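Hi,

Here is the model I promised to pass on.

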Amino acid sequence: MYISILILPLLGSLFSGLMGRKIGVTGAHLITCTCLILSSLLASVAYYEVGICGSPVSIHLTNWIDSEFMTISWEFLFDQLTVSMFIPVLYISSLIHIFSTDYMSEDPHNQRFFSYLSLFTFFMLILVSGANYFVMFVGWEGIGVVSYLLINFWFTRLQANKAAILALTMNRVGDMGLSIGFFAIFALFGSIDYATVFSLGSFMNETAITIIGLLLLTGAMAKSAQIPLHSWLPGSMEGPTPVSALIHAATLVTAGLYLLVRSSPILEYSSTALLVITLVGASTAFFAATCGLVQNDLKRIIAFSTISQLGYMVMAVGLSQYNVALMHVVNHAFFKALLFLGAGAVIHSFADQQDVRKMGGLVNFLPFTYTAMLVGSLSLLATPFLTGFYSKDLIIELAYGQYSFSGTYAYILGSITAGLTAFYSFRLISLVFLTVPNGPKTSYLNSHEANLAVIIPLFILALFSILFGYFASDIFVGVGSDFFGNSLFIHPNNVNLIEAEFSLPLLIKLLPAILSLLGALTAVYLYHYQPNFIINLTETSLGREIYTFLNGKYLFDVVYNNYIIGGGLKLGYIISKVLDRGVIELIGPYGLANVLTNTGINISKLDTGIVTTYALYIVLALLSIIFVLFNSLLIENSIFDTRHLIVFLFTLITITFPSKH
Amino acid sequence: MLQLLLILPLIGSCLLLLIPENSLENKAKIKNIALSVSLINLILSILLWIQFDSNTSDFQFVYEFSKLSFCHFNIGVDGISLYYVLLTTFITPIALISNFDNINKNVKFFVISFLLLETIQIAVFVVLDLFLFYIFFESVLPILFIIIVVYGSGENRIRSALLFFLYTLAGSLFMLLAVLQIYTYIGSTDFILISLSEISLDSQKVLWLGFFLALAVKTPLWPFTGWLYRAHSDAPLAASILLAGTILKFSTYGLLRVLISFLPDATNYFSPFVQTIAIVTLIYASLATIVQQDTKSLIAYSSVCHMAVVVLGLFSNTIQGIEGAILLSLAHGFVSPALFICVGGVIYDRLHTRTIPYIRGLVTTMPIFTILFFVFTLANTGIPLSLNFIGEQMSLIGIWERNPVASVLGATGIVFSACYSIYLYNRISYGVYSPHLKPLQDVTRREFNVLIALLIPTVILGIFPNVILDSLHLSVSTLLFNLP
C-alpha cells in the first residue's frame, strides 16, 4: 500500500503523457484524477496507521550504490513527518487536478499538463518519503525539473521561458549547496542514511555540524525562496495558475522546509546554524511582506505573501519549533492554495486580467469566489480560531518566548510582518472585489462564476482553511503531544512551548493580532475612503523613492542581472574569445606554425650566394666551435650560465621573428 | 574471445573491400554488412561481460601472441577495461547508424574506417603492454584525421583536423619517451612486469610528467582544450560520437592504468597539481561554454567540464572517487554522443545550421525529439536517476575526503552545467516557432532508435549502478591497495 501511494501518480503521469494521443483529453483527466484520489485515500489510511496509531514503516526496495563503505539503498521511510506531509501534498494535488480539468479545458495541451502535474506529485512524494538524503535528492531535483516544465508550460512566451530558466538555475545554486552538504555529511558520518546520521548527531564536532547545517540551509533557501535566493518565485507566476497554487504555494516551496525539519536531529546540535536560520527566516518574512505591499499583479501579491509565510516557517525552524513549522506548512498549504485557486477563478472569469488596478467591484459578480478569497485571507492573517491562527500566531509567541536576541528579532519582525500581511491581503480584497469597477465593461458582462469542478475544490479548501487548525492543532502543536515520536527532535534545552503558552504578558501575545487588525483596517480605510492619500504619497520624492525600491523588490534582480549574470557572461566571453581563441591560440598552434615558417624564411635568407658572406659564416662557425670547446676553461661555469642563456635566447629571437626585409 | 572481438571488424573490413560501390543496392549492402559486424561484436562483448568473473582482480580472457619479439602482445581485460570495451562496441554501431543517411559518397571507406577504429579502440583497452598501448593510442589519429578531412563539414575542417592531429601527436611524443625510458629501466613494457617493479620517486616524477602531458591533451585539460571544439564542430557526426564517446575515454583509462597503478608515488606527489588544473579546466571551460553560439562546440566544451570532474575523481585516491570517475566517464560516453546526435544529427540534417540563434521553437513541430533532447540535457546536468548523477556525486564525495576545497570548487559544475545545458535546450526548443524555418519532420525511426538505445543505459544504470560497480570493486581496490 505504501509504495502504491508513490507509484499511482507516476502511473497517471506516464499514461497521460506517453499515451495522451490514444486516451484523449477526457481520458487524461479521468486517469490522472483517479490515480491521485486513490493515492490520497491510501495516504489517509497511511496517516491513520503511521500517524495516529504511531507505527512508522520502512521499506527497503533494493541497493542503489555500493562502493566500499558507502551503501545507499532505494529505501523509503513512512514516519509521522512523512505522512503529515502526504496530507497537504496529496489532498491539494488532487483538488488542483480537479480544478484544472475546468481551468485548463480550453488549452490544447491538456494531456501534457496533467502528466506534468502528476509527475510533480510523484517526485514530491519521493522527496518526503525517501529514507536517505540521496533518495530525497531524487525528488528534490525532480520537482525542480517539473517546476521548470510547468513554468514553461506556455512555451511560446518569452517571459515564461526566462522565468523557467531563472527558476531552474537558481534552484541549482541551492542544489550545489545541498550536494556539498551531502559530501560533508558523508565525510563526517560515513553514511547518508537518515537513521545513521541522526543517531550520531550528538557525538560530532559542533563546527562540522554547523557547516553541514548551513549547507543544508543553502539548499532550503533556494527551494523555499529565502533571501537571497528568492527571486525566482515571483517570476514563476508566469506559469498557469493551478501550477502556482500547487507548486509555488502549497508543495514545492515547502520542500526546503521539509529538509530542515527532517534534519532536526543534526540542526539541534548547532546553535550557530539555528541562529542563521532564524535571521534568514525573519528577514525574508519582513522583506517579502514589504514588497507585497506595492505589487500590482494579482498573482505576484500572493507570491510575495507565500515568500513571507515561508519566512515564518523557516523562522520557526530556527527557533527549534519544528512541529510548529510543520503545522504552518500544512495550514499554509490549505489557505494559500485557496487564495491561488480563487485568484485563478477571478483571472479566468475576468478576461485573463491580472492587474489588480484594472479590477474592482467583482463582489457582485463573483460572490462565491469572493467568499473563498476572504476566508483564505482571514486565515492567512491569523484571525483567531481560523486555521492560520493556530500556527502563525504561535510562531510569533514562541519567538518572544526564547528570550534571546534572535528570538526578539524574530518577534519584532514577525509582528510587523503580521500587520503588513493584513494590509496587503485587504488591499487585494479591496482592489479586486470591493472598490468601484475599474475594468472594461465587456469583461464585467462576461464574468461569471465557474462551474462545479472549480467550486468543489474551492469549497473543500475553504473548509480546511477554517477548520483544519482547530481540529489538528492539538495533534501537531498541543502541549505534550507525542504525535511525532522520533521523527522530529527538539533538544530539551530548546523546548519553550510552555513558556510561550502560559507565561507571556498579555500585550505581547495580543500585539500581532492588534497589528493585523490595524493593518486590515488601514487598508480598507485607505482604499475606500482616502484613495487620494496613497496617490499623494507617491508624489513626494521620498515616497516615490520608497515605492520604487519596494516595487523593485529591494533591487535584488538588478544586482543579479547586472553584476552576477552579466559579469559571468562577460567573463565567459573574455575567456572564450580573448584567452581560448586568442592568447592560447597565439602561443600554441598558431604561434608554433608562425615560428617555424619565420625560421625557415630567415635561415633561407642567409643563403645569399656571395662568397664573402660565406667566408664570414665559416669564420664565425670556427670561432663558435673554439668557444664551445674551450668554454669551460674560459668561464669556469656550467652550460646553464645566465650569459649563455641570454645568448641562446637572443639567437632564438633573431631566428624566429620575421625580419623586415 | 577477446581476439575474436579484435579480429571480427578486420574481417568485416576485408569483406567490404570486395564489394564494389557502384549501385544503391551495393551501398545499402555495405552499410548493412558493417552494421551487422559491429552488432555481432556488441553481442560478443556482452557475452564477454556475462562470462566475466567479478571475484578476481586478475586479467581475464588472457591471450598471448608470442610471435612478436619486441613486445608482449598479451591481451586481457579486468574490471576497469571491461566497461570501456563494452562502451566501444556499443558506441560503434550507434556511430554507424547515426550517419547512415547523409554519407553517400565513399561509403565503403567510411564504414571500413569505423570498423578499423573499433578494432584499434578495443585494442587500446585490452592490450597488456605499454608500448602496444602507445601504438594503438596513436593509431586512431590518422584514421580520424582522414575522416574529418574527407567527410567533415565546414570550411575549416582541414585546419581543425591538423590541429587535432598536432596537439595529440605533440603530447604523445612525451609519452613515447617515457615508454622508452621505462623499457630501458625495467627491460620490458609488460603491464604486470611494470607493476611488480619498483621505480624511484625521482624517476617516477619525470615519467609521470611525460605520460600526463599526453593524457592531458587527450582528456583535454587546460590549456590543451583548443583542439576539441574544432575537431567536434567540423567532424562528421559519427566521428564526433566516437570522439566524445570513446576516444576521450582513452585518457581516463590511461590515467588509471598507467599513472595511478604504475606510478603511484608520483601520482600522489602531483595530485594537488592535477586537482588545480582540473578545477581551472572546469571553471574556465564552463564559463566559455555558456557563451558558445555553435551547438556542437557548446556540447564539446561541456565534455571538457565533465572530463575535468572525472579527473578530480580519479585523483581522489579513494574507491568512491575512482569508481565515480569511471561511472561518470561511461555516462558521458552515453550522453554526449546522444546530444551530438540531437544537435549535429537531427537538427543539422534538417536545417544545415549549427548556429543557436537561428533555431527557435522546435517543440512545435518536433515534440518527440524535444522530449528526448530534454532528457539528455537533464542527464548532462547530472540529474538524479541518470548515470551522470551517480558518477558526479561519487567523484566529488571521493575528492572531498582528500581535499574539501577541490570538492566545493568542483561542485560549481552543478550550477554551470545547468546554465549552459538549459540555455541550449530552452533556446532551441521553446519560443515562437521561427518564421525563417520551414516545418520540420519529427525524429525518424532510425534517429529515435539510436537515441532510445543511448537513453536506456543512462537511466537503467542510473537506477541500478551496482550492475557496473560490482565488477569494478576488486579491480579498483587492487589499484589503490596493491602497494609494492
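Let me begin with a helix in chain B: α9(B), residues 226–234, is mostly covered, with 9 of its 9 residues buried. Keep in mind throughout that this is a predicted model. What sits over them?

On the chain A side 39 residues are in contact with 42 residues of chain B. Four elements of chain A each give two or more residues to that side: β1 (57–67), α5 (133–151), α6 (158–189) and α25 (556–587). The largest share, 14 residues, comes from α6(A). Sorted by class, the chain A side has 21 nonpolar, 11 polar and 7 charged residues.

With β2(A), residues 70–78, β1(A) pairs in the antiparallel sense over 9 bridges. One pair to click on is A:Ser58, whose bridge partner in β2(A) is A:Leu77. The hairpin of these strands has 2 residues between them, and A:Glu68 there takes a positive phi near 50°.

On to the packing. The largest nonpolar core has 401 residues, and the members that touch the most others are A:Phe120, A:Ala337, A:Leu338 and B:Ala308. Leaving aside residues up to four places away in sequence, B:Ala308 touches B:Leu221, B:Ala278, B:Thr281, B:Leu282 and B:Ala285.

As for the overall layout of chain A, the domain assignment gives domain 1 (2–551) and domain 2 (588–656). The C-alpha centres of these two domains of chain A lie 77 Å apart. An unreviewed UniProt entry annotates residues 502–628 of chain A as "domain: NADH dehydrogenase subunit 5 C-terminal". In the model that span is 87% helix and 0% strand, and its end C-alpha atoms lie 99 Å apart. At the other end of the chain, the unreviewed UniProt annotation "signal peptide" covers residues 1–20 of chain A. Those residues are 90% helix and 0% strand, with the end C-alpha atoms 27 Å apart.

Chain B has an annotation as well: an unreviewed UniProt entry gives "domain: NADH:quinone oxidoreductase/Mrp antiporter transmembrane" for residues 129–415. Over that stretch of chain B the model has 81% helix and 0% strand, and the end C-alpha atoms are 41 Å apart.

Is B:Asp129 buried or exposed? B:Asp129 counts as buried because 24 C-beta neighbours lie inside 10 Å, and the cut-off for buried is 20 or more. B:Asp129 and B:Ala411 are 282 residues apart in sequence, and their C-alpha atoms are 36 Å apart in space.

Cheers

Conventions: Residues are numbered from 1 along each chain as its sequence is written. Chains are lettered from A and ligands numbered from 1 in the order in which they are written. This is a predicted model: local features need pLDDT of at least 70, side-chain atom pairs count only at pLDDT 80 or more; totals for chains, interfaces and linings use all residues. Domain bounds come from an automatic or database domain assignment. UniProt positions are given in the numbering used here, feature names are shortened, and annotations may be inferred rather than shown by experiment. Two residues are in contact if their C-beta atoms, placed from the backbone, lie within 7 Å. Ala, Val, Leu, Ile, Met, Phe, Trp, Tyr, Cys and Pro count as nonpolar, Asp, Glu, Lys and Arg as charged, and the others, Gly among them, as polar. Two strands pair if DSSP finds at least two bridges between them. A nonpolar core is a set of buried Ala, Val, Leu, Ile, Met, Phe, Trp, Tyr and Cys residues joined through C-beta atoms within 7 Å. A residue is buried if 20 or more other C-beta atoms lie within 10 Å of its own, exposed if 12 or fewer, and partly exposed in between; C-beta atoms are placed from the backbone.
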